[in-house]
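I opened this entry to look up how the strands pair and where the nonpolar residues gather. My notes follow the model.

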Amino acid sequence: VRAAWPEALTEGWPAEVGEGYSTPVVADGRVFVHARRDPQEIVSAFDLATGKLLWSDAHTAPFTKNQYATWMAKGPNATPLLAGGRLYTFGVSAVLTAYDAATGKVLWRHDYTKDIETSKLFCGTAMAPILVDRAIVVHVGDDRGGVFRAFDAVTGEMKWGQQGPGPGYASPVLATIDGEKQIVTMTDKSVVGVSTSTRAILWSVPFPDEWNENIVTPIVIDRMVVVSGTRKGTYGLTVGRDGGEWKAAEAWHSPETAMYMSSPVLHDGVLYGFSTRRKGQFFALDPATGKTRWMTEGRDAGNAHLVVAGEMLVAQLDSGEMITAPISVDGFSVAKRYITGKSATYTHPVFTPGGVLVRDQTHLRMWKF
């Protein structure tokens, strides 16, 4: 948390890492990056202070993007998971790998490349792996259907599988709703809650999209689940038991706040997000009622990835610019603008004690305060 933001950031070290949309993760003085140098996917660890490469692992991961989704890179899309001294990555062709985070040694790997068809999953696997009761859970499949799979975090042994719809591009969240712990996630055509104890799909709400582009990570507040789509707007769903049966019903709909590749953030009971309407609008929304508190006029950006840093809302724009704005329920006012990416930028900024890490089209860059 910063008391004051500088007029400019000082460029620290850059590291060429390869293409992709996987946000870096940081722990114990190291930064981990999942990238691609076609036809290989590469996982690397760098020293946070100096940018020195500490270890790297590459494996061949052939992937042919659908003809309608060729303008962006071939991924990877999923952000790695760090837990218990291990790094877990989920590649664009559905390869799940566990590494020793200190040495880069591959501890175990499951390859589901043959289980997905790129014509049925335009941009490849995108959901981040999630840790649930000492197991790593991923959703494998395409528009024809999918399987939720859980693996022992240490040994990689498969613990359970649950068939269901195919995956969306959003990442899952772990939540307790009406006393039941569950994985809430977007599928290709719906929103579902999967019990962590029985593995059953407790509830499901249709959420169809013309191109099956369900990308926005859900937000769960008590029994309210907030989901959004670029062609559908934002919805609040009330989820819970009714007479012993799980039900999910629409509580409100906000058609003017339509999120695409940008997931919202929750701060002090208010949802802050970035809508694709009018060439990009920042907004604040009451998740209990769906009422818009404020919305900018538009033309703010093509895409924005949001984080909360202290009392500031920070947005990394696709243009490479990073902006800060005081968090307020009354309006949006840009405080600082920094150029942090030197090419197209589609990942979240990662704040560290000494600065901020930003990944652009080819490089990971440390910017110092």
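**Strand pairing, then cores**

I began with strand E3 (residues 30-37), which pairs with E4 in the antiparallel sense over eight bridges. I note that the model is predicted. Two residues make the hairpin link from E3 to E4. I looked up Phe32 and found its bridge partner in E4, Ala45.

Next I followed E4 to its other pairing. Strand E5 (residues 53-60) joins E4 in the antiparallel sense, over seven bridges. Across from Glu41 I found His59 in E5. The hairpin of E4 and E5 has five residues between the strands. There, Gly51 takes a positive phi near 80 degrees.

Is E4 enclosed or open? I checked burial: six of the eight residues of E4 (residues 40-47) are buried, so the strand is largely enclosed by the rest of the structure.

Then I turned to the cores. The largest nonpolar core has 23 residues. Tyr88, Phe90 and Leu96 have the most contacts inside it. I listed the strands that each supply at least two residues of this core: E6 (81-83), E7 (86-90), E8 (95-100) and E11 (135-142). E11 gives the largest share, three residues.

I looked up Tyr88 in detail. Leaving out residues up to four places away in sequence, Tyr88 touches Pro80, Leu81, Ala83, Thr97, Ala98, Trp108, Pro129, Ile136 and Ala153.

Definitions and conventions
Residues numbered from 1 in each chain as written. Predicted model: local features only at pLDDT ≥ 70, side-chain atom pairs only at ≥ 80, totals over all residues. Heavy atoms only, no water. Core = buried A, V, L, I, M, F, W, Y, C linked by side-chain atoms within 4.5 Å. Buried < 20%, exposed > 50% of the residue type's maximum accessible area, 1.4 Å probe, protein only. Helix = DSSP H or I, 4+ residues; strand = E, 2+ residues; numbered from the N terminus. Contact = heavy atoms within 4.5 Å. Pairing = 2+ DSSP bridges.
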